[in-house]
Amino acid sequence: MRGSRSYLIAAALGSMLLLGGCALQPWVKPYERESLADPIMNLQRSTLIGQHREHVYDVREGARGATGIQGTGCGCN
Amino acid sequence: MAATSLWRRLVRLLGGFVGSLLAAGGARAVALPDNVGEAMAHVYSGGGVTASGPALLVRKNLGDRFSITGSYYADFVSNASIDVVTTASPYRETRNAYGLGLNYVVRDSLITVAAATSREPDYIADALNVDVAQDVFGGMTTVSLGFTRGWDQVGKTGEGFFDTADHWRYRIGATQVLTPNWLMSANFEAISDDGYLGNPYRVALVFGAAVPESVPRTRSSRAFQLRAIGDLGERNVVRGAYRYFWDNWGINAHTFELGYARYFGKDWMADGFVRYHMQDGALFFSDNATSDTAYITRNRQLSSFNDVGLGFNLAYTAKTVPGQYSVVVTGAVEFMNFKFSEFTDVRTGQLYSFNAYLAQLLVSVTF
């Protein structure tokens with residue numbers, strides 16, 4: 001009972017948050033994004049360098065995923 | 001034979017997906033990624049392992065809605081790691097990986113379908129990726145969803161391929177413009193594996209005696225990462241990332257990264273970063289087990305350890321012809337130190353540690 005009530009509250013809060021988003025106006029206008037558009041602001045500046053670094057970490061560490069980079073699969077065991 | 005039917009299946013899937021997208025076309029607001037050609041030479045060396053080789057990537061727009069990406073990556077591996085020198089003979093092998101992807105822009109969405117295959121003499125990994133990135137709130141937020149299905153064939157020299165491993169990866173992410181100078185992103189990924197997840201060459205120690213390692217045939221992991229990047233003014237850019245990882249093998253890991261980048265003149269860009277990773281060991285890891293259990297491994301990657309990396313990138317814009325092309329040469333190097341808290345070097349009885357470096361030289365042409 002308590003569990004279903006928690007889900008209901010979470011669903012209501014989630015819906016409010018999502019619906020609230022419909023009223024949001026972009027607070028950083030396109031003409032204010034010059035700095036963000038600079039290549040130095042890319043979280044991943046080169047696909048090859050980024051994928052290779054992730055491969056090196058995947059092979060040597062027990063953690064993986066959530067890097068925003070698609071893996072290519074390998075015999076990492 | 002299996003690989004041929006897999007490729008047929010992938011091509012059919014790609015064809016069907018693209019066909020359905022074409023039928024659903026409309027006005028677009030998101031731009032395709034730039035045309036780019038990249039060539040890289042890379043080398044990793046550490047702990048008795050050296051892996052080096054070339055990598056190539058080409059992405060080309062086909063009209064204003066599609067772009068196609070092709071990539072090739074090779075690893076020439078010379079392995080005399082501590083596992084190998086204490087239980088087997090050093091060896092050399094080559095890994096070749098090929099990727100083919102298609103990007104499609106529809107309205108505010110960028111859809112990517114990609115297939116990849118990685119081939120070693122005793123391991124074949126095929127994967128199919130589908131990713132969708134959608135701009136919302138006037139381009140302030142980009143929401144992304146992705147799925148990867150992987151099929152591996154596991155083999156052993158002298159025995160051929162004897163087992164398989166299947167993988168499912170589900171990811172969701174969001175990138176948010178916070179201010180005119182700051183961006184933030186959050187990513188979550190759930191991964192499930194089913195099949196042979198160990199290494200047929202590796203041995204574990206039980207009461208000092210070598211036995212084949214035995215790991216569970218399923219694994220389920222979750223990872224959550226937060227990243228932020230900001231311009232402090234005059235293109236002095238700082239970035240930070242934190243990832244928390246956990247799985248049902250008992251591994252909990254924390255990874256931190258901090259970086260700083262800036263331009264020197266108009267042609268040079270320098271970037272430095274420090275990365276720290278720490279993790280607990282898997283429940284069934286034991287350096288030298290004193291009881292007989294169903295699962296046992298001495299895979300140091302699944303043990304408790306930490307590693308620190310210190311990296312530098314230097315990019316030089318060699319030539320720019322506005323509106324036509326630009327050529328950028330990037331050198332990247334990272335020095336790493338691994339310190340193990342449970343895994344010992346059986347030759348000395350001391351806890352094991354090693355230094356490593358990773359170097360990459362990239363030529364990138366944007367056109």
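The legends below describe close-up views of a predicted model. In this predicted model, local features need pLDDT of at least 70 and side-chain atom pairs count only at pLDDT 80 or more, while totals for chains, interfaces and linings use all residues. Residues are numbered from 1 along each chain as its sequence is written, and chains are lettered from A and ligands numbered from 1 in the order in which they are written.

**View 1. Chain A has three helices and zero strands.** Helices (H or I, at least four residues) and strands (E, at least two) are DSSP runs, numbered from the N terminus. From that end on, the elements of chain A run α-α-α. Of the 77 residues in chain A, 36% are buried; a residue is buried if 20 or more other C-beta atoms lie within 10 Å of its own, exposed if 12 or fewer, and partly exposed in between, with C-beta atoms placed from the backbone.

**View 2. Chain A and chain B meet through 35 residues of chain A and 69 residues of chain B.** Two residues are in contact if their C-beta atoms, placed from the backbone, lie within 7 Å. Strand E12 (residues 218–231) of chain B gives the largest share of the side of chain B that touches chain A, seven residues. That side of chain B has 32 nonpolar, 24 polar and 13 charged residues. Here Ala, Val, Leu, Ile, Met, Phe, Trp, Tyr, Cys and Pro count as nonpolar, Asp, Glu, Lys and Arg as charged, and the others, Gly among them, as polar.

**View 3. The largest nonpolar core has 19 residues.** Such a core is a set of buried Ala, Val, Leu, Ile, Met, Phe, Trp, Tyr and Cys residues joined through C-beta atoms within 7 Å. Leu48(A), Ile49(A), Met40(B), Ala55(B) and Ala116(B) touch the most other members. At least two residues each come from helix H3 (47–60) of chain A and from strands E2 (49–62), E5 (109–120) and E6 (123–136) of chain B. Another core, of 14 residues, lies apart from this one and includes Ala204(B) and Trp249(B).

**View 4. Strands E10 and E11 of chain B form a hairpin with two residues between them.** The two strands run antiparallel and are joined by four bridges; strands pair if DSSP finds at least two bridges between them. Ala204(B) has Val211(B) as its bridge partner in E11(B). In the turn, Phe207(B) has a positive phi of about 50°.

**View 5. Pro200(B) sits in the loop between strand E9 (182–195) and strand E10 (203–206) of chain B.** Pro200(B) is partly exposed because 17 other C-beta atoms lie within 10 Å.
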